[in-house]
Every structure is written in C-alpha cells, then in structure tokens.
Amino acid sequence: MNQTQHFSESNKERYLSELIDLLKIPSISADPAYKNEVQKCAESLAQGLTNIGIDKVEICQTAGNPIVYGEKIINPAKPTILVYGHYDVQPADPLDLWTSPAFEPVIKTTEKHPQGAIFARGACDDKGQMFMHVKAVESMLAANELPCNVKFMIEGEEEVGSENLAIFVKNEKERLKADVILVSDTGMLANDVPSITTGLRGLSYVEVEVTGPNRDLHSGLYGGCVANPINVLAQMIASLHDSTGKITIPGFYDKVIELSDEERAEMAKAPFSHEAYCEALDIEETMGEAGYSTMERGSIRPTLDVNGIWGGYTGEGAKTVIASQAFAKISMRLVPDQDPTEITNLFLTHFESIAPKGTRVKVKPHHGGEAAVTPIDSVGYKAASLAYEKSFGKKPIPVRSGGSIPIVAMFEKELGLKTILMGFGLDSDAIHSPNEHFGLFNFYKGIETIPYFYHYYTELTK
Ligand code: BES
Ligand code: MN
Ligand code: MN
C-alpha cells in the first residue's frame, strides 16, 4: 500500500487539475439543452479510465444519457469491487447566488475547509467523489498494488431518477458480476468525525394540480364566491401534517419499520449539536415530528415536503386575480419497508378525496425509489471501517442518511449485492445549492482511504 500512497501524494496536483477539467463540463441531466455536454463528459471520463489502464472501457448508450463502463480483472479468483457513481449534475440555478460561476471551478477556504475547497456544481455530488475512485485505482495500478478486480459503472442520470441505469442493471447481470458495490455519493459527520452511511431513504415524488373555475377571474367580482385553487391547495397541503408533525395520509405509516430503543440509543451517540445546527441554517428552532430527534427526523422517519408551489400572478406590482389553477411539487422521503408505488397511490387517493367541491385535482407521479440499509456486520462494512480507521486514525461511526440513491435498492434486488456507502462530503458542502463545494482534505482523504478498502476487503474475504 505504501507505493500507492506515495504515488497519490506525488500526483495530487495533477489529480486536482484533472478534476477541475471534469467540473468545467456542465453535464446537467435535467435540461435537454445540455445533451452534448453530458456526452462530452462521458467521453472525457471514458478516456480517463482508458488512460489509467482500465480495460473494456465502453460508453454504453441508453435511451437517455450514456453509462461509462470499464473493468480491470487481474485474477478471476480474486474478489471484484463494482464502483458506482454519477457524472451528471443538478442544474446550477439560481445563478446569481453563486459567488463564482458554477462551471468555472475555483479553490476557496471556508470555515469547515480551512485547507481549501473546490467550488463548482458537481464538486461534491458527485464528480469529485466519483473521481476519487478513478484516481485511487490509478494509484494502485501505477504502484502495482491493485489487490483485486474492479469494475466501474458511472451513470449520467442519477439526478433524474436512474431509469435507464435500472434497465442496464437488469440486462447486464453477467457483466456486472461482483462481490460488493462501492459508492462515494453521500457524506460524513465532520472532517475529524469519520462516518460510514448505513442507510438511505426512499423517495416518492408527485406533482399536483388543482383546477377551479374555467378561467382566471376578477378577485373583486368573484372573490369569496368560488373555490380559489391557490387557497384550496394551501389548505390541502397544510392538512397533510397534524399538529404533532405526523403525516395524515391514511396508511402512510403502516409499513414503517420502527427502530428499537437500543438502536435509537446507539444512534443518539453520534455527535450532534442542536445549537450549531440552527446557527448554520440561521434558524431559531428546528421543527418536525414530535417524539423524535432532529437526526432521527432526517434519517429513520418518513417525511413529506413541498418542493415547489406556484400559480396566479407573481409578476411586478399587484394584479387582482383569482387563478384558475394552482400547482405544487411534493416529495416524500421513505424508510424501510415503505413501497414508493404504494405510497404514491395512498397519496393520490387521499389527495383526491380531500379536494373540496368546486375543484378538480390531478396527481402526476414522478420517479421514485426504495430505501436501503446496510448491515454493519458484513465483510464490506468491516473492510470500510478498517480503511477509515487506518486513514483517519479513528473508528468511523455508522450513520443513516436522509438522502436517496434509488439504484442502491435495485443493486440488492437485481444483483443480490450490498452497497458500501463511503461518503466524504459534508452536509455543509451545499450539494444541489448555489456554491456547492468539496474540501481538498476530503478529496485527498478519499483517495487515501479507498485503496485501504480494497486491501482489507481482499484480506477479509480470503
Ligand atoms: N448524492 C445524492 C444523495 C445523497 C446526498 C445521499 C447526501 C446522502 C447524502 C444524490 O445525487 C441525490 O441527490 N439524490 C436525490 C434523489 C434522486 C432520485 C434525484 C435526492 O436525494 O434528492
Ligand atoms: Mn449524488
Ligand atoms: Mn444529487
């Protein structure tokens, strides 16, 4: 392993400048206007894999954005690690809130990253983290210390639901044969508090439309006489939570797995400062389901949030009008064993049932995904834990995350494989927000830790 770390160390400037080049490509999957950029990003990544000596590199076309695949089989008798990541990014807007342009990466220091962080869309989610794996494997190959086989599968549609990857995984079971899946697309508690993600929430996402009168109306002539779709939508949404913060959709909690008191006590050991949490967000108090801590609300409990709401007049000045329609986008984060399709249907039935007379409601389901949990007694988890202990000098804490990576549940279902989530981002890295960044410490720590995982995983499976 020493030669590997030595190689990483002496090539760290180049590793960073290659990441900067990758971050300059606006590979936004949500907006079809960036199709060429997405393709360009896939090509650049494929070239990068070829350059470090990966075999069978292929840009696999799908009905959507391509998947970049490559493998290095050193010995079929050795274990195989399948690395998953994504090269697509979220849209950068609102652009005016960025302190430097989203696709012109620059390094700046922050309170959490005194050694500097790279600012760009995708820096943390997920180009920076995915690229750590490419560079870690480069170092192991260059040092002749790759201890096992590796396969790369980097997709370009994670931020839009991974639908084509799901098809690819179903069709390519032979090619994707592996022993464990390794992903860096989550976070850790702090730079001096290493942690491993042991759970992800599922997702059900719907768009709703409330229609009232057949046209926009003068709010003086008709106000107070007909159902105002915006008023109605606001009331309907407000009624989705009760006064204790519980979701009121009948059946919503039926399949939720409650954690035992022991598990909750174990979770509560992770360091968490309510004060620092509020201060970082400029809020006076937190809010959520009664009876649960903030950490629990954001990981082991299902939630419902409006992500966008619109309708009526929103331009300059005042226009006295009752809109004919109102709209909202709503996400529900799910926990094991809630089924996203079932939850979407429960939502639909309930939402239609609470629409008052004089309105019509439409619910349009979007992509979703199931929650996932990783046991901490697996070989993969043990190897990851040893790897962190080696590079951070501290045993990592297992933490369940509130985010979603729907393909992880698919990996288990279709390939029968558990995923190890070795995330190196911080919650404060502003993923999906303006000024997304990734600490240089984190980038290099990832490149240092990953080879240890390969080493311990190979040793423990002997
Ligand atoms: N990498 C994130 C998910 C994540 C971030 C998990 C931090 C845990 C910690 C991923 O790219 C993402 O944004 N997922 C989406 C879901 C997807 C279906 C659009 C999400 O969680 O909103
Ligand atoms: Mn991601
Ligand atoms: Mn994301």
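Predicted model: local features only at pLDDT ≥ 70, side-chain atom pairs only at ≥ 80, totals over all residues.
Strands, like helices, are runs assigned by DSSP, with at least two residues of type E for a strand and at least four of type H or I for a helix, and they are numbered from the N terminus; two strands are said to pair if DSSP finds at least two bridges between them.

Strand 5, which covers residues 117–119, is joined to strand 18 by 3 bridges in the antiparallel sense, and Ile118 stands opposite Phe438 of strand 18.

## Two domains and their interface

The domain assignment, whose bounds come from an automatic or database source, divides the chain into domain 1 (2–200 + 371–460) and domain 2 (202–256 + 302–369). Taken over C-alpha atoms, the centres of domain 1 and domain 2 are 36 Å apart, and the contact takes 11 residues from domain 1 and 9 residues from domain 2.

Between domain 1 and domain 2 about 670 Å² is buried, and carbon and sulfur atoms give 57% of that area; buried area is the accessible area (1.4 Å probe) that two parts lose on being put together, summed over both. Of the area that domain 1 buries against domain 2, Ala371, Ser404 and Pro406 supply 56%, more than any other three residues.

## Salt bridges

A salt bridge is a side-chain nitrogen of Lys or Arg within 4 Å of a carboxyl oxygen of Asp or Glu. One salt bridge links Glu71 and Lys56, with the closest N and O atoms 3.5 Å apart. Glu71 lies in strand 2 (residues 67–72) and Lys56 in strand 1 (residues 55–60), so this pair ties together parts that are 15 residues apart in sequence.

## Notes on the model

Residues are numbered from 1 along each chain as its sequence is written, while chains are lettered from A and ligands numbered from 1 in the order in which they are written. Local features need pLDDT of at least 70 and side-chain atom pairs count only at pLDDT 80 or more, whereas totals for chains, interfaces and linings use all residues, and side-chain values use heavy atoms, with hydrogens and water left out.

Notes
Contact = heavy atoms within 4.5 Å.
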